[in-house]
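My entries follow in the order I made them.

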Amino acid sequence: MKKILFSAVLAAAPFAMLQSAHAETWLLAAAACPPWKDIPGKPELSANINGACEKDIDLFVDGFKTTFNVSDDHITTLLNADATTDKVTRAIADLAAKAKPEDRVILYVNTHGGQVEAMYKGYEVKDEIFAWYTEQKPADFTKATEDGSWMSVRAFRDSVNAIMANEIITVIEACDASVAMEDFVDNFSNGVGGRGDNWPGREAIIFSAHAEQVANFTPDGKEAVFTKTWSDRLKNGHDDTLFDSFEAARIATHREVREKCAKGETHAELLKDWKDYKVLCTQMPTSWDPFGLLDDITIPVRDFGEKP
(Lines give C-alpha, C1' and ligand atoms only; values in the text may rest on other atoms or scores of the structure.)
Protein backbone atom coordinates (compact mmCIF):
# COMPACT_ATOMS: atom_id res chain seq x y z
CA MET A 1 0.00 0.00 0.00
CA LYS A 2 2.79 2.41 0.87
CA LYS A 3 4.50 1.80 -2.47
CA ILE A 4 1.28 2.48 -4.39
CA LEU A 5 0.61 5.66 -2.42
CA PHE A 6 4.20 6.86 -2.95
CA SER A 7 3.89 6.28 -6.70
CA ALA A 8 0.64 8.20 -6.83
CA VAL A 9 2.17 11.15 -5.02
CA LEU A 10 5.09 11.23 -7.46
CA ALA A 11 2.73 11.06 -10.42
CA ALA A 12 0.75 14.00 -9.08
CA ALA A 13 3.83 16.13 -8.42
CA PRO A 14 4.29 19.04 -10.83
CA PHE A 15 6.79 18.12 -13.56
CA ALA A 16 8.48 21.48 -13.11
CA MET A 17 9.72 20.36 -9.70
CA LEU A 18 12.09 17.93 -11.42
CA GLN A 19 13.41 20.34 -14.02
CA SER A 20 17.02 21.46 -13.91
CA ALA A 21 17.37 25.03 -12.74
CA HIS A 22 20.62 26.68 -11.81
CA ALA A 23 22.09 30.14 -11.39
CA GLU A 24 25.81 29.65 -12.04
CA THR A 25 28.04 26.77 -13.12
CA TRP A 26 31.34 25.90 -11.43
CA LEU A 27 33.87 23.49 -12.91
CA LEU A 28 36.81 21.76 -11.24
CA ALA A 29 39.06 19.50 -13.35
CA ALA A 30 41.97 17.58 -11.81
CA ALA A 31 44.26 15.19 -13.68
CA ALA A 32 47.45 13.37 -12.70
CA CYS A 33 49.78 11.56 -15.10
CA PRO A 34 52.73 10.52 -12.89
CA PRO A 35 56.17 10.14 -14.48
CA TRP A 36 56.59 6.55 -13.26
CA LYS A 37 53.79 5.21 -15.47
CA ASP A 38 55.25 3.78 -18.67
CA ILE A 39 54.77 1.05 -21.27
CA PRO A 40 57.83 -1.23 -21.34
CA GLY A 41 59.69 -1.01 -24.65
CA LYS A 42 57.50 1.82 -25.98
CA PRO A 43 59.10 5.15 -24.98
CA GLU A 44 57.13 7.29 -27.45
CA LEU A 45 53.79 5.85 -26.37
CA SER A 46 54.80 6.24 -22.72
CA ALA A 47 55.69 9.88 -23.29
CA ASN A 48 52.33 10.50 -24.95
CA ILE A 49 50.47 8.85 -22.07
CA ASN A 50 52.37 10.96 -19.55
CA GLY A 51 51.33 14.06 -21.45
CA ALA A 52 47.70 13.03 -21.92
CA CYS A 53 46.39 14.64 -18.72
CA GLU A 54 46.92 18.16 -19.99
CA LYS A 55 45.10 17.38 -23.23
CA ASP A 56 42.28 15.62 -21.38
CA ILE A 57 41.72 18.58 -19.07
CA ASP A 58 41.70 20.92 -22.07
CA LEU A 59 39.22 18.67 -23.88
CA PHE A 60 36.86 18.35 -20.93
CA VAL A 61 36.97 22.01 -19.93
CA ASP A 62 36.53 23.12 -23.53
CA GLY A 63 33.54 20.82 -24.03
CA PHE A 64 31.68 21.93 -20.91
CA LYS A 65 32.77 25.58 -20.99
CA THR A 66 31.58 25.97 -24.57
CA THR A 67 28.33 24.09 -24.11
CA PHE A 68 27.25 25.61 -20.80
CA ASN A 69 28.95 29.01 -21.04
CA VAL A 70 31.05 28.60 -17.90
CA SER A 71 33.00 31.76 -17.10
CA ASP A 72 36.77 31.51 -16.68
CA ASP A 73 36.66 32.69 -13.07
CA HIS A 74 34.42 29.71 -12.26
CA ILE A 75 36.90 27.15 -13.65
CA THR A 76 39.68 25.55 -11.61
CA THR A 77 42.20 23.14 -13.13
CA LEU A 78 44.78 21.08 -11.25
CA LEU A 79 47.35 19.28 -13.38
CA ASN A 80 50.05 16.77 -12.39
CA ALA A 81 52.14 18.21 -9.54
CA ASP A 82 49.18 20.40 -8.60
CA ALA A 83 46.85 17.38 -8.58
CA THR A 84 47.59 16.01 -5.13
CA THR A 85 45.20 14.82 -2.44
CA ASP A 86 45.81 17.96 -0.39
CA LYS A 87 45.36 20.41 -3.27
CA VAL A 88 42.28 18.63 -4.66
CA THR A 89 40.69 18.53 -1.19
CA ARG A 90 41.37 22.25 -0.71
CA ALA A 91 39.95 23.08 -4.16
CA ILE A 92 36.75 21.16 -3.35
CA ALA A 93 36.48 22.96 0.00
CA ASP A 94 36.86 26.26 -1.87
CA LEU A 95 34.02 25.26 -4.19
CA ALA A 96 31.89 24.33 -1.19
CA ALA A 97 32.40 27.83 0.17
CA LYS A 98 31.60 29.56 -3.14
CA ALA A 99 28.84 27.51 -4.76
CA LYS A 100 25.34 28.53 -3.72
CA PRO A 101 22.44 26.08 -3.35
CA GLU A 102 20.97 27.18 -6.68
CA ASP A 103 24.24 26.56 -8.58
CA ARG A 104 25.60 23.65 -10.61
CA VAL A 105 28.99 22.07 -9.90
CA ILE A 106 30.86 19.85 -12.38
CA LEU A 107 33.84 17.80 -11.19
CA TYR A 108 36.26 15.94 -13.46
CA VAL A 109 38.83 13.48 -12.13
CA ASN A 110 41.40 11.87 -14.42
CA THR A 111 43.93 9.55 -12.76
CA HIS A 112 45.25 6.04 -12.87
CA GLY A 113 42.88 4.02 -10.74
CA GLY A 114 42.04 0.56 -9.54
CA GLN A 115 40.52 -1.42 -6.71
CA VAL A 116 42.92 -1.72 -3.77
CA GLU A 117 42.91 -2.22 -0.02
CA ALA A 118 42.75 1.43 1.01
CA MET A 119 42.76 3.19 4.34
CA TYR A 120 39.59 5.15 5.12
CA LYS A 121 39.04 6.84 8.47
CA GLY A 122 41.58 4.58 10.09
CA TYR A 123 40.31 1.23 8.82
CA GLU A 124 40.98 -0.84 5.73
CA VAL A 125 38.43 -1.00 2.93
CA LYS A 126 38.49 -2.28 -0.64
CA ASP A 127 37.78 0.74 -2.78
CA GLU A 128 38.57 2.47 -6.05
CA ILE A 129 41.51 4.83 -5.57
CA PHE A 130 42.73 7.96 -7.31
CA ALA A 131 46.49 7.75 -7.90
CA TRP A 132 47.24 11.44 -7.51
CA TYR A 133 50.59 12.74 -8.67
CA THR A 134 53.74 11.35 -7.06
CA GLU A 135 57.28 11.42 -8.42
CA GLN A 136 57.81 7.76 -7.49
CA LYS A 137 55.40 4.84 -7.61
CA PRO A 138 54.33 3.97 -4.06
CA ALA A 139 55.67 0.60 -2.95
CA ASP A 140 52.66 -0.01 -0.70
CA PHE A 141 49.30 1.04 -2.18
CA THR A 142 47.42 0.79 1.11
CA LYS A 143 49.98 2.97 2.85
CA ALA A 144 49.75 5.45 -0.02
CA THR A 145 46.09 6.05 0.84
CA GLU A 146 46.91 6.24 4.53
CA ASP A 147 49.62 8.88 4.14
CA GLY A 148 47.58 10.89 1.62
CA SER A 149 49.68 10.27 -1.47
CA TRP A 150 46.66 8.60 -3.04
CA MET A 151 42.97 9.00 -2.27
CA SER A 152 40.12 6.56 -1.85
CA VAL A 153 36.92 7.50 -3.65
CA ARG A 154 35.16 7.36 -0.28
CA ALA A 155 37.40 10.16 0.96
CA PHE A 156 36.77 12.10 -2.26
CA ARG A 157 33.02 11.60 -1.89
CA ASP A 158 33.10 12.88 1.69
CA SER A 159 34.80 16.10 0.59
CA VAL A 160 32.28 16.59 -2.23
CA ASN A 161 29.44 16.13 0.27
CA ALA A 162 30.34 19.52 1.72
CA ILE A 163 29.12 21.13 -1.53
CA MET A 164 25.47 22.16 -1.13
CA ALA A 165 24.79 23.08 -4.77
CA ASN A 166 21.54 21.57 -6.01
CA GLU A 167 23.21 20.01 -9.07
CA ILE A 168 26.48 18.11 -8.79
CA ILE A 169 27.98 16.09 -11.65
CA THR A 170 31.14 14.06 -11.07
CA VAL A 171 33.01 12.47 -13.97
CA ILE A 172 35.61 9.81 -13.13
CA GLU A 173 38.03 9.00 -15.96
CA ALA A 174 40.00 6.05 -14.55
CA CYS A 175 40.46 2.33 -14.95
CA ASP A 176 37.94 0.23 -12.96
CA ALA A 177 36.02 3.44 -12.28
CA SER A 178 32.63 1.93 -11.48
CA VAL A 179 34.12 0.03 -8.54
CA ALA A 180 33.31 3.32 -6.81
CA MET A 181 29.58 3.18 -7.60
CA GLU A 182 28.69 1.65 -4.24
CA ASP A 183 30.38 4.61 -2.55
CA PHE A 184 27.67 6.85 -4.01
CA VAL A 185 24.62 4.57 -4.07
CA ASP A 186 23.89 5.04 -0.35
CA ASN A 187 24.98 8.66 -0.24
CA PHE A 188 21.46 9.94 0.41
CA SER A 189 19.02 8.11 2.64
CA ASN A 190 21.28 6.72 5.33
CA GLY A 191 23.83 9.50 5.48
CA VAL A 192 26.85 7.41 4.46
CA GLY A 193 29.66 9.87 3.82
CA GLY A 194 27.85 12.71 5.56
CA ARG A 195 25.41 13.80 2.83
CA GLY A 196 22.35 12.76 4.83
CA ASP A 197 18.74 12.86 3.66
CA ASN A 198 18.08 16.59 4.13
CA TRP A 199 19.94 17.78 1.03
CA PRO A 200 17.38 18.82 -1.62
CA GLY A 201 19.81 18.54 -4.54
CA ARG A 202 20.64 15.90 -7.13
CA GLU A 203 23.93 14.18 -7.89
CA ALA A 204 25.00 12.24 -10.98
CA ILE A 205 28.22 10.23 -11.29
CA ILE A 206 29.79 9.26 -14.61
CA PHE A 207 32.25 6.35 -14.67
CA SER A 208 34.45 5.95 -17.75
CA ALA A 209 34.71 2.16 -17.32
CA HIS A 210 33.22 -0.74 -15.42
CA ALA A 211 35.13 -2.71 -12.83
CA GLU A 212 37.91 -4.83 -14.36
CA GLN A 213 37.96 -2.64 -17.47
CA VAL A 214 40.77 -0.39 -18.61
CA ALA A 215 39.89 3.21 -19.40
CA ASN A 216 41.64 3.31 -22.77
CA PHE A 217 43.78 5.96 -24.37
CA THR A 218 43.56 6.70 -28.07
CA PRO A 219 45.95 4.47 -30.08
CA ASP A 220 48.70 7.11 -29.97
CA GLY A 221 48.26 7.48 -26.20
CA LYS A 222 47.63 11.22 -26.39
CA GLU A 223 44.08 11.36 -25.04
CA ALA A 224 41.56 9.32 -23.07
CA VAL A 225 39.06 7.81 -25.51
CA PHE A 226 35.94 8.55 -23.44
CA THR A 227 36.95 12.12 -22.56
CA LYS A 228 37.72 12.94 -26.19
CA THR A 229 34.58 11.27 -27.50
CA TRP A 230 32.27 13.01 -25.03
CA SER A 231 33.92 16.40 -25.42
CA ASP A 232 33.62 16.20 -29.21
CA ARG A 233 30.00 15.15 -28.88
CA LEU A 234 29.19 18.11 -26.63
CA LYS A 235 30.89 20.63 -28.89
CA ASN A 236 29.12 19.30 -31.98
CA GLY A 237 25.76 20.02 -30.35
CA HIS A 238 23.97 16.97 -31.76
CA ASP A 239 22.05 16.06 -28.60
CA ASP A 240 19.09 17.45 -26.68
CA THR A 241 20.23 16.63 -23.15
CA LEU A 242 23.43 15.90 -21.26
CA PHE A 243 22.27 12.32 -20.84
CA ASP A 244 21.79 11.96 -24.60
CA SER A 245 25.35 13.16 -25.22
CA PHE A 246 26.74 10.83 -22.56
CA GLU A 247 24.78 7.87 -23.91
CA ALA A 248 26.08 8.51 -27.44
CA ALA A 249 29.65 8.95 -26.17
CA ARG A 250 29.63 5.80 -24.06
CA ILE A 251 28.41 3.65 -26.95
CA ALA A 252 30.92 5.25 -29.32
CA THR A 253 33.71 4.64 -26.79
CA HIS A 254 32.79 0.98 -26.45
CA ARG A 255 32.63 0.47 -30.20
CA GLU A 256 35.89 2.25 -30.89
CA VAL A 257 37.81 0.27 -28.26
CA ARG A 258 36.28 -3.06 -29.24
CA GLU A 259 36.79 -2.56 -32.97
CA LYS A 260 40.40 -1.49 -32.48
CA CYS A 261 41.10 -4.69 -30.55
CA ALA A 262 39.32 -6.89 -33.06
CA LYS A 263 40.93 -5.41 -36.17
CA GLY A 264 42.94 -8.08 -37.98
CA GLU A 265 42.14 -10.74 -35.34
CA THR A 266 40.00 -13.84 -35.66
CA HIS A 267 37.43 -14.75 -33.03
CA ALA A 268 39.60 -17.68 -32.00
CA GLU A 269 42.60 -15.40 -31.52
CA LEU A 270 40.59 -13.03 -29.36
CA LEU A 271 39.41 -15.92 -27.21
CA LYS A 272 42.95 -17.20 -26.87
CA ASP A 273 43.89 -13.88 -25.26
CA TRP A 274 40.61 -13.67 -23.32
CA LYS A 275 42.22 -12.68 -20.03
CA ASP A 276 43.65 -9.52 -21.61
CA TYR A 277 40.78 -8.96 -24.02
CA LYS A 278 38.08 -8.70 -21.35
CA VAL A 279 40.12 -6.12 -19.44
CA LEU A 280 41.54 -4.08 -22.32
CA CYS A 281 38.86 -4.30 -25.00
CA THR A 282 35.40 -4.14 -23.39
CA GLN A 283 35.34 -0.63 -21.93
CA MET A 284 31.80 0.61 -21.39
CA PRO A 285 31.22 3.85 -19.47
CA THR A 286 28.26 3.87 -17.09
CA SER A 287 26.50 6.20 -14.67
CA TRP A 288 24.70 6.52 -11.34
CA ASP A 289 21.96 9.11 -11.69
CA PRO A 290 19.10 8.12 -9.36
CA PHE A 291 17.00 11.26 -9.86
CA GLY A 292 17.52 11.87 -13.59
CA LEU A 293 19.70 14.96 -13.36
CA LEU A 294 21.47 14.27 -16.66
CA ASP A 295 18.11 13.88 -18.40
CA ASP A 296 16.96 17.30 -17.18
CA ILE A 297 20.02 19.28 -18.29
CA THR A 298 19.33 20.50 -21.80
CA ILE A 299 22.07 21.38 -24.26
CA PRO A 300 21.63 24.82 -25.81
CA VAL A 301 20.81 24.89 -29.50
CA ARG A 302 23.56 26.42 -31.64
CA ASP A 303 22.83 29.27 -34.00
CA PHE A 304 22.66 28.29 -37.66
CA GLY A 305 26.18 28.04 -39.09
CA GLU A 306 27.88 28.34 -35.70
CA LYS A 307 31.04 26.27 -35.51
CA PRO A 308 31.60 23.95 -32.54
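Entry 1, the pocket. Which element gives the largest share of the lining of the largest pocket? I am working from a predicted model. I find that strand S4 supplies that share, with 4 residues. S4 covers residues 112-120. I also listed the other elements that each give at least two residues to this lining: helix H2 (43-50), strand S5 (123-131), helix H9 (242-262) and helix H11 (274-280).

I noted about 930 Å³ as the space in the largest pocket. Its lining runs to 38 residues, and those closest to the centre are Lys 37, Ile 39, Cys 175, Val 214 and Phe 217. Sorted by class, I have 22 nonpolar, 8 polar and 8 charged residues in the lining.

How many cavities of 30 Å³ or more does a search of the whole structure find? I get 1. I wrote down about 30 Å³ as the volume of the largest cavity. Leu 28, Ala 30, Val 88, Ile 92, Leu 107, Tyr 108, Val 109, Trp 132 and Phe 156 form its lining. Two or more of the lining residues come from each of strand S1 (25-31), helix H4 (85-98) and strand S3 (104-110). S3 contributes the most, namely 3 residues. By class I count 9 nonpolar residues in this lining, with no polar and no charged ones.

I looked up how helix H3 (residues 52-68) sits on helix H8 (residues 225-236), and the angle is about 25° with the axes 9 Å apart. The crossing of H3 past H8 is left-handed. On the H3 side I listed Asp 56, Leu 59, Phe 60, Asp 62, Gly 63, Phe 64 and Thr 67 as making the contact, and on the H8 side Thr 227, Lys 228, Trp 230, Ser 231, Leu 234 and Lys 235. By class this contact holds 5 nonpolar, 4 polar and 4 charged residues.

At what angle do the axes of H8 and H9 cross? I have roughly 135°, and the axes come within 9 Å. H8 is therefore oblique to H9. I recorded a right-handed crossing for H8 past H9. From H8, the residues in contact are Val 225, Phe 226, Thr 229, Trp 230, Arg 233 and Leu 234. They meet Leu 242, Ser 245, Phe 246, Ala 248, Ala 249, Arg 250, Ala 252, Thr 253, Glu 256 and Val 257 of H9. By class I have 10 nonpolar, 3 polar and 3 charged residues here.

I compared the H8 residues in my lists. Trp 230 and Leu 234 are in the contact with H3, and Trp 230 and Leu 234 are also in the contact with H9.

Technical notes:
Residues are numbered from 1 along each chain as its sequence is written. This is a predicted model: local features need pLDDT of at least 70, side-chain atom pairs count only at pLDDT 80 or more; totals for chains, interfaces and linings use all residues. Side-chain values use heavy atoms; hydrogens and water are left out. Axes are lines fitted to C-alpha atoms, for helices over the stretch in contact, and angles run from 0 to 180 degrees between N-to-C directions. A crossing is left-handed if the near helix is turned anticlockwise from the far one by less than a right angle, and right-handed if clockwise. Contact means heavy atoms within 4.5 Å. Ala, Val, Leu, Ile, Met, Phe, Trp, Tyr, Cys and Pro count as nonpolar, Asp, Glu, Lys and Arg as charged, and the others, Gly among them, as polar. On a 1 Å grid over the protein atoms alone, a cavity is a set of points where a 1.4 Å probe fits but cannot get out, and a pocket is an open set with protein on both sides within 12 Å along at least five of seven lines; lining residues have an atom within 4 Å of a point. Grid points are joined across faces, edges and corners, and a volume is the space filled by probe spheres set on the points. Angles under 35 degrees count as roughly parallel, over 145 as roughly antiparallel, 65 to 115 as roughly perpendicular and the rest as oblique.
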